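Please keep the sequence and the structure in view while reading.

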Amino acid sequence: MKKLLHILFLSCLKATELVEKKLHFKLSVQEKIQLHLHKMMCEACTKYEKQSIFLEKGIASISQHEPVTTDIENLKNKITASLNQNQ
Amino acid sequence: MKNTMLETWISQYTDALFRWAFHKTSSIEIAEDLVQDTFLAAAEKINNFKGDSSPKTWLFSILNHKIIDYYRKKVRQPLSLESSSNQTFFHEDGSWQQARKPKEWHEEDSNLLDDAEFRQILEKCLDALPEKWNTTVRMKYLTEKSSDDICQEMGIAPTNLWQIMHRAKLQLRDCIENKWFKK
């Protein structure tokens, strides 16, 4: 049965690849149907998609939260110095 | 004249430029270098500055080019997609390895993304990715560029991009599952 499903439909490897394709580009109609059918039968890949979307949000939020700690005055002096050196 | 102008710009815009560069690269050191390079380039090209745009806009456009160059250089070598990474997660027939199958995270139950500790783990797992995957992922999410633009800038095919994302996500979610959700 499992084998038959893989012939008729996508493998989990292919299905999760399509999830990423979907998130970053567009799926063809056939791919949409294949992915949909696969997810109906496969809990793991359904979770993969949900978690993948969650990770995207997570990565995007990292930089917003990171506190910036650098000595701006020091940086300004460094830049001025290197400019003078180059002239 | 030129010098006073540049000096004024340095004192006025360094802060904003640095914040932007840091937001895009997540590295203090790299952000500082990029801002410095921006002013050096500005000094060289200052005769091109016609004053049609504000100095701030002009400096930011130089900085944005520097940021893209930085990422482009990092991924210049061909991106390797070892098929071995697939074998870690999938059987030969493409079905999940039992141990690597996504487990339930209940990630929506709490405001995980507001949790500093969780973000730290996520950052750690990102850093644990092979460098080129890490760069691609960061470039994708931190520069808010469209996927097509990124492919063009990095000189890779769309197929390549989503396959890199796929490999990177497999590792990333595995890392996070082990370091956070299993606890």
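Which residues does B:Leu59 touch, not counting residues up to four places away in sequence? In this predicted model, the partners of B:Leu59 under that condition are B:Trp9, B:Tyr13, B:Leu17, B:Thr38 and B:Ala42.

B:Leu59 also belongs to the largest nonpolar core, which has 40 residues. Together with B:Ala21, B:Val35 and B:Leu63, B:Leu59 is among the residues with the most contacts inside that core. Both domain 1 (2–74) and domain 2 (84–181) of chain B contribute residues to this core, so the core lies between the two domains. Another core, of 10 residues, lies apart from it and includes A:Leu10, A:Cys12, A:Leu13 and A:Leu18. In soluble globular proteins, nonpolar side chains tend to be buried together.

In helix 3 of chain B, the buried residues are B:Trp58, B:Leu59, B:Ile62, B:Leu63, B:Lys66, B:Ile67, B:Tyr70 and B:Tyr71. An α-helix has 3.6 residues a turn, so residues three or four places apart point the same way. The length of helix 3 of chain B can be checked in turn: its 20 residues, at 1.5 Å a residue, should span 28 Å, and this agrees with the 29 Å between its end C-alpha atoms.

The division of the chain comes next. Chain B falls into domain 1 (2–74) and domain 2 (84–181), and the centres of these domains, taken over C-alpha atoms, are 31 Å apart. The contact between them takes 7 residues from domain 1 of chain B and 7 residues from domain 2 of chain B. On the side of domain 1 that touches domain 2, the elements giving two or more residues are helix 1 (2–25) and helix 3 (55–74) of chain B. Helix 3 of chain B gives the most to this side, with 4 residues. By class, the residues of this side of domain 1 comprise 2 nonpolar, 2 polar and 3 charged.

Chain B as a whole has 8 helices and 0 strands. Its radius of gyration is 21 Å, whereas a compact globule of 183 residues would have one near 16 Å. Along the principal axes, the C-alpha atoms of chain B fill a box of roughly 70 × 35 × 25 Å. Of the 183 residues in chain B, 31% are buried. Among contacts in chain B between residues at least 6 apart in sequence, 67% join residues at least 24 apart.

B:Asn160 lies in helix 8 (residues 158–181) of chain B. This residue counts as partly exposed because B:Asn160 has 16 C-beta neighbours inside 10 Å. A separation of 28 Å lies between the C-alpha atoms of B:Asn160 and B:Lys179, which are 19 residues apart along the chain.

The contact between the two chains remains. It takes 39 residues from chain A and 47 residues from chain B. On the side of chain A that touches chain B, helix 2 (12–24), helix 4 (43–65) and helix 5 (72–86) of chain A are the elements that give two or more residues. Helix 4 of chain A supplies the largest share of this side, 16 residues. The residues on this side of chain A divide into 15 nonpolar, 14 polar and 10 charged.

Terms used: Residues are numbered from 1 along each chain as its sequence is written. Chains are lettered from A and ligands numbered from 1 in the order in which they are written. This is a predicted model: local features need pLDDT of at least 70, side-chain atom pairs count only at pLDDT 80 or more; totals for chains, interfaces and linings use all residues. A nonpolar core is a set of buried Ala, Val, Leu, Ile, Met, Phe, Trp, Tyr and Cys residues joined through C-beta atoms within 7 Å. A residue is buried if 20 or more other C-beta atoms lie within 10 Å of its own, exposed if 12 or fewer, and partly exposed in between; C-beta atoms are placed from the backbone. Domain bounds come from an automatic or database domain assignment. Ala, Val, Leu, Ile, Met, Phe, Trp, Tyr, Cys and Pro count as nonpolar, Asp, Glu, Lys and Arg as charged, and the others, Gly among them, as polar. The expected span of a helix is 1.5 Å times one less than its number of residues. The radius of gyration is taken over C-alpha atoms; the globule rule is 2.2 Å times the number of residues to the power 0.38.
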